[in-house]
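Me: Hey, I've just opened this one and I'm new to it. Can you walk me through it bit by bit?

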Amino acid sequence: MSSSTPSCFLLNTAMSKAKTQQPAVIHKVIMVGSGGVGKSALTLQFMYDEFVEDYEPTKADSYRKKVVLDGEEVQIDILDTAGQEDYAAIRDNYFRSGEGFLCVFSIKEQESFQATQDFREQILRVKNDENIPFLLVGNMVDLAEQRQVSVDEATKRAQEWKVSYVETSAKTRANVDKVFYDLMREIRSRKMEASRQNNGKQKKKKDSRKKKCVIL
Amino acid sequence: MADGLARILSKPKFDAETFIAKLSGDGEDALLDMKANVHMLNDETAKALKQNVYKNYSQFIETAREISILEGEMYQLNHMLNEQKSLMGSMMEMSLVSDRAVVEGPKGEEDQKESPEEETRRNLAFLLERVEGCSNVAEVPGRQLVHDGDLVELDAESHTQLQRVHAFLLNDSLMIATWIPNRRGPMRYRFVGLYELDGLAVVNVRDTGPVKNGFKILMFPESHMYQTDTAKAKRQWLDALEDTKKKKASRDKQKKEAAMRLAEQQLQAALASPGEADMSKSFTDDVEEEPVAMDRDFLQADWLEELPEDLDMYIAQRNFEGAVDQVEKVNEYLTECPKGPALKEFRARIEHRVKQLTDGLMNELQVSPERSLRGGPRAARRAVTQLIRLGRSAQACDLFLRNRSAIIKYNIRQLKFEGATTLYIRCLCGVFFSSLSDTAKEFIKAFPGHHGCFSAFVIWSKQELQSFVSIFRRQVFESKASLSTIADCVQLAKRHCQELSSIGLDLEFSLATLLDTAIQQVVEETRDQITEGIKYRAADDLWRPMNHLSQADCDKYVADIAATGFDIRPYVYDKCFVMLTMNSIQFAKICVTFSDDLLKLYTVELEDFIADSLSSVYKSQVAHIEQSLKSERLNKEHSLILKNAQFLLEVVMARVESFYSDRQVPFPAQLQAINAHFRKLKAMANK
């Protein structure tokens with residue numbers, strides 16, 4: 001009871017501080033892919049420029065970083081999801097919060113490549129948007145000698161989906177920045193497009209929602 | 001001399017050897033003297049000891065009784081202390097539960113295993129206490145509090161701080177509540193949202209930038225970000241969430257396997273209308289908005305805010321009257337309150353208290369072996385009165401009567417079976433029926449106007465009577481006592497029953513029904529025995545007048561018989577002869593006792609049976625007389641036989657008739673018929 005006043009005070013100061021510091025634009029990126037393909041490794045390499053060798057399954061981590069995208073200061077919010085998440089309902093909730101997706105597989109593991117198909121479908125279903133910013137990422141090119149998934153194969157799938165395919169190495173940092181920045185650019189252009197059509201669309205949406213209410 | 005000796009012997013420094021040595025020096029006579037003296041002293045001491053015991057006998061008894069009472073009091077004290085201890089314990093838990101929940105995260109599970117139900121109730125009751133608007137959350141059965149703590153809610157986009165919240169992790173969902181500013185009473189938080197754990201996505205927010213110790217809860221369409229004070233607290237939250245989700249998942253899986261089809265149906269239903277559920281929820285929320293405000297205002301009164309705490313205090317102090325006063329007051333107040341969720345919730349809180357109160361009161365009336373029953377009816381009346389005020393008259397009645405049963409049982413057990421059966425039965429009846437009438441009086445005082453309870457009392461009385469009769473039967477009928485004893489005992493019990501009818505409780509007919517078969521059986525047995533006896537004696541009846549040899553003896557005999565109610569002087573002749581045979585006199589005696597006993601047992605239902613038994617006995621004697629009259633061998637004795645017959649059928653029968661008229665019972669036709677037999681016999685003799 002007695003502690004409420006000082007913490008309230010703290011809260012207020014922190015609030016004003018936070019408001020002044022953070023850039024307005026946030027791009028929300030979600031890492032998806034099977035377990036052990038290097039989602040966390042890519043994220044950590046991007047965030048902290050370091051490569052973590054030991055593998056520990058992620059539950060769901062979120063990171064935020066200030067970056068300069070084509071001269072504009074923005075924030076990137078990365079949600080590193082669990083490859084092993086068992087519950088579709090929970091995965092849906094993760095996906096709903098994302099604006100762009102990095103769908104990662106390991107080039108030395110055919111199954112992880114096959115799994116991307118499922119992830120893609122789930123994302124499309126959840127976001128209900130064929131043109132959602134999306135990148136197919138083949139990780140672990142530093143271990144090219146163990147390759148199981150050919151570039152052709154992956155590129156073919158990317159073309160089917162009308163997305164780009166990029167090969168990365170979290171270990172050597174090859175293309176790591178590229179995938180994140182490419183995705184952010186896609187997200188940015190989508191947002192601009194959306195804001196242009198904003199007014200009409202929103203009205204339509206509202207109408208449909210109202211109808212639903214009436215039915216009930 | 002003996003006094004002196006006693007003094008010497010009782011000296012503390014008394015040395016037997018020197019004493020004997022000194023004594024033996026004086027010679028044989030002195031020794032013999034001394035021996036006699038010692039004997040005398042011994043006798044005197046024994047006598048004195050006996051006298052002392054007698055003198056202080058009543059004191060011994062009193063002391064023993066005091067000790068037993070003290071023992072009882074100590075038991076009661078012990079019980080009360082234990083109760084107080086548990087009260088203290090529960091109070092400690094009440095005030096510290098939130099801290100405990102955090103500290104004992106994993107350890108708490110063991111406790112929960114021991115009594116999950118209990119734990120749940122307590123936890124959720126505690127929720128009700130603290131969180132406004134969560135009554136529907138606490139109502140779900142099997143829900144438990146797993147973890148809770150203070151969090152700061154952040155804006156998910158900008159990471160700016162929004163508000164302080166308190167989160168409660170339940171075993172199937174996560175409940176978020178905000179702090180109530182300017183809180184009054186025990187309510188600290190206001191309910192904000194409840195999120196089902198399945199589908200709830202938890203995201204660990206890495207410490208990048210200014211925000212530390214954050215985590216997100218994604219639950220479409222909402223997403224919330226929270227912040228803990230320390231990294232450790234965050235770790236606990238994430239682990240607890242993960243763990244609980246896993247447990248819930250495995251629990252759900254088990255349930256699913258158990259009821260596969262049902263689950264499938266539900267799943268389909270849920271898939272079919274996820275949006276609908278959301279919409280309907282928001283719709284009802286809107287509707288309820290207004291009354292919420294109304295009843296919340298209504299509940300704003302100071303004394304209402306403090307009521308739950310006051311009630312707790314009253315219960316802890318065992319001030320049951322005060323607590324019930326408060327409950328009545330609030331109930332009266334709340335009837336005017338507009339209906340709404342806040343009222344419902346407040347009511348739930350009060351109900352919880354009332355339940356505790358009721359439990360406490362019931363405990364008061366509970367019969368437990370370690371508890372002394374000395375409190376008696378007055379102590380019980382207090383608890384009963386309060387329970388009635390709480391509207392629990394049925395339970396109060398039940399417990400009250402059970403308490404009384406225990407007291408009766410205890411009192412009966414205190415009786416020692418010693419001496420004559422009648423004596424014991426007298427004590428038994430005294431204890432039982434006075435307890436019964438006490439209870440009845442107490443009951444009328446305790447439950448005035450609760451007419452429904454009176455039938456319960458009547459039923460209870462009947463049950464008690466049954467158990468009384470079973471003791472009675474065991475002592476009286478199964479002990480092979482004589483019919484006279486049995487008749488006396490039955491009469492005693494009946495008389496007590498009649499006394500009860502003065503307070504409006506008539507158990508006489510029940511008693512009669514319960515004893516009926518046993519009585520019939522014992523009467524039949526006795527009747528058969530008597531008939532056997534008659535036949536046996538008839539076989540060697542020589543019809544000789546009694547010869548008492550001297551007038552003194554004869555007078556003595558006549559006086560003896562007169563004591564049983566017969567004047568046989570008219571039958572005396574020649575100073576020492578009596579015209580009646582031994583057999584006739586014996587029959588007369590038996591007949592009188594038998595009829596007396598039977599009439600003691602008289603009830604309207606048994607009327608015919610009694611008359612039949614009596615007449616059958618009579619008939620067998622008459623048959624003997626008839627037989628004798630017909631006998632050639634006894635031709636000479638006709639006048640004597642007739643004299644005897646006249647005695648039996650007129651004098652003795654008249655006496656039997658007088659028993660009937662004493663009890664204002666009409667003389668039965670069966671016996672009248674026998675009475676008329678005499679003329680027939682006379683005619684037969686004259687033939």
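Me: Let's start with chain B: what percentage of its 687 residues is buried?
Reply: Buried residues make up 43% of chain B. Buried means under 20% relative accessible area, exposed means over 50%, and partly exposed is in between, with a 1.4 Å probe and protein chains only. Keep in mind that this is a predicted model, where local features need pLDDT of at least 70, side-chain atom pairs count only at pLDDT 80 or more, and totals for chains, interfaces and linings use all residues. Residues are numbered from 1 along each chain as its sequence is written, chains are lettered from A and ligands numbered from 1 in the order in which they are written, and side-chain values use heavy atoms, with hydrogens and water left out.

Me: OK. How many helices and strands does chain B have?
Reply: Chain B has 25 helices and 11 strands. Helices (H or I, at least four residues) and strands (E, at least two) are DSSP runs, numbered from the N terminus.

Me: And the core, which residues have the most contacts inside the largest one?
Reply: Those are Phe447(B), Phe468(B), Phe472(B), Phe477(B), Ile568(B) and Tyr660(B), in a nonpolar core of 127 residues. Helix H23(B), residues 638-662, gives the most to this core, with 12 residues. The core also draws at least three residues from each of domain 3 (369-506) and domain 4 (517-544 + 581-686) of chain B. A nonpolar core here is a set of buried Ala, Val, Leu, Ile, Met, Phe, Trp, Tyr and Cys residues joined through side-chain atoms within 4.5 Å, and the domain bounds come from an automatic or database domain assignment.

Me: What does Tyr660(B) touch?
Reply: Leaving out residues up to four places away in sequence, Tyr660(B) touches Leu599(B), Ile610(B), Ala611(B), Leu614(B), Val665(B), Pro666(B), Phe667(B), Pro668(B) and Leu671(B). Contact means heavy atoms within 4.5 Å.

Me: Which residues does the second core include?
Reply: That separate core has 30 residues, among them Val32(A), Phe119(A), Tyr165(A) and Leu218(B).

Me: Leu218(B) is in a strand, I think. Are the residues of S7(B) buried or exposed?
Reply: Six of the six residues in S7(B), 214-219, are buried. Gly214(B), Lys216(B) and Leu218(B) point one way, while Phe215(B), Ile217(B) and Met219(B) point the other way.

Me: Which strands are joined to S7(B)?
Reply: S6(B), residues 201-205, runs antiparallel to S7(B) with five bridges, and Val202(B) has Ile217(B) as its bridge partner. S8(B), residues 222-227, is also antiparallel to S7(B), through six bridges. Leu218(B) stands opposite Ser223(B) there, and S7(B) and S8(B) form a hairpin with two residues between them. Strands pair if DSSP finds at least two bridges between them.

Me: Over to chain A. At what angle do the axes of H2(A) and H6(A) cross?
Reply: H2(A), residues 39-48, and H6(A), residues 176-196, cross at roughly 90°, with axes coming within 9 Å. Axes are lines fitted to C-alpha atoms, for helices over the stretch in contact, and angles run from 0 to 180 degrees between N-to-C directions. The contact is made by Leu42(A), Thr43(A), Gln45(A) and Phe46(A) of H2(A) with Val176(A), Asp177(A), Phe180(A) and Tyr181(A) of H6(A).

Me: Which loop holds Lys162(A)?
Reply: Lys162(A) sits in the loop between helix H5(A) (151-161) and strand S6(A) (164-167). Lys162(A) has a positive phi of about 60° although it is not a glycine. Most residues other than glycine have a negative phi. At 77% relative accessibility, Lys162(A) counts as exposed.

Me: And Asp70(A), where is that?
Reply: Asp70(A) lies in the loop between strand S2(A) (60-69) and strand S3(A) (72-81). Asp70(A) has a positive phi of about 50° and is partly exposed, with a relative accessible area of 47%.
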